[in-house]
Amino acid sequence: MTRADMKEQYPHPMVDSMSVPQCYVTSPGSSGVKDDVRLSNVLLEVSQSCTWLAKTRAFVMGACRKQNLSGHVLVLIELVLKYQQQEQTTRTYEEVLLGGTETTSTTPKIIGHKFGCKLLVEYGIRQKAIPPYTTPSDLEDLLGTVTRALQQHQQGVTSESKFDWFVGVVYLICGGNVTRTLALLQSFSTCLTSFYTWSSRATRSKHIPAALTKSGSTVLHHKLCHALERVLLKALPMVASTFRLSGCVPSIVARRWFSTCFLNVMPWREICSYILLVISEGPVYMVLYCISVFKHLKVKLQHSSTYHSLLDDILLAPVEDFHLSNYMDYIEELEQLYGQLIRDDLEDITSC
């Protein structure tokens, strides 16, 4: 039967005679192309321009606003760290040497070591952040190397160490490349932000007052969460009242989120945006980011009247429909109002 005969028998046109629906046609967005060109321009100019840091940070803020990082997270993080050190815009600390000669100290027992590595690798494979053939052994060795190196910068010796979720997240951002992960962590260890974002860096650190290390508190809890509660009371008084009425303090929630880098709370794409934003802009934006999440959860929080129901709603359930791009304006408003207040609290980690 010819096509002409089929037309006579079946009056409706055949599927193959129609064009492909537009919803199935992939077309690169113009904004993505423009952003790629802008990033390329930044990469070309950084070696020649003394204002590269401002340009790179502006690109980061713009990319977070548009939610269009398009695979540039790792490159931007490495750029920010490299040229922050060159310009010395903030106080730097002794570098944690993670490459070269292996330290002779023994590795303390890491709580949940193998299970945590297994979870992270499976998660990274599902998110296509690392190759599907990746095994947990590389991450296990990486954590052991980092833990031994951090011991050289800590007060006293411990037989146990908590699982380092930040290192695991950086490992996934680096695509499972151990060498690149170690280089990034070593560079990051000189920054003030590392003491707040990387909880293992702050634990019993030689830079932390002995009074804090003996009490078991870290900079993360002592300063970051204190600044968070101060700003939350002013920026979102209703949310602060909800926490008080339930008998729960926001520091409990915030510390959990910060120490686990929002894993199981945010989608992987949002976690990458958070890490990039904080490394680029400093620990002030950890506080502002967390407050924006509380704002997003405002209605949900107000329906949680008891301590247990509030913790169950926040800590045991992921945050749904939160996108950093929708809250960048709000975060920048908070920075204008409370940025200096937070900065004054966080800049000096040696004061109690």
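Residues are numbered from 1 along each chain as its sequence is written. In this predicted model, local features need pLDDT of at least 70 and side-chain atom pairs count only at pLDDT 80 or more, while totals for chains, interfaces and linings use all residues.

Helices are DSSP runs (H or I, at least four residues), numbered from the N terminus. The expected span of a helix is 1.5 Å times one less than its number of residues.

| Helix | Residues | Length | End-to-end C-alpha distance | Expected span |
|---|---|---|---|---|
| α6 | 136-151 | 16 residues | 23 Å | 22 Å |

Buried means under 20% relative accessible area, computed with a 1.4 Å probe on protein chains only. In α6, 12 of the 16 residues are buried, so this helix is largely enclosed by the rest of the structure. Among them are Leu-139, Glu-140 and Arg-148. Helix α15 is also largely enclosed, because 12 of its 14 residues are buried; these include Trp-268, Glu-270 and Cys-272. Just after α15, Gly-282 has a positive phi of about 100 degrees.

Helix α16 (residues 284-296) and helix α19 (residues 324-346) have axes that come within 8 Å and cross at roughly 135 degrees. Contact means heavy atoms within 4.5 Å. Residues of α16 including Val-284 and Tyr-285 meet residues of α19, among them Leu-324 and Tyr-327.

Methods: Heavy atoms only, no water. Axes fitted to C-alpha atoms, helices over the stretch in contact; angles between N-to-C directions. Helix = DSSP H or I, 4+ residues; strand = E, 2+ residues; numbered from the N terminus. Buried < 20%, exposed > 50% of the residue type's maximum accessible area, 1.4 Å probe, protein only.
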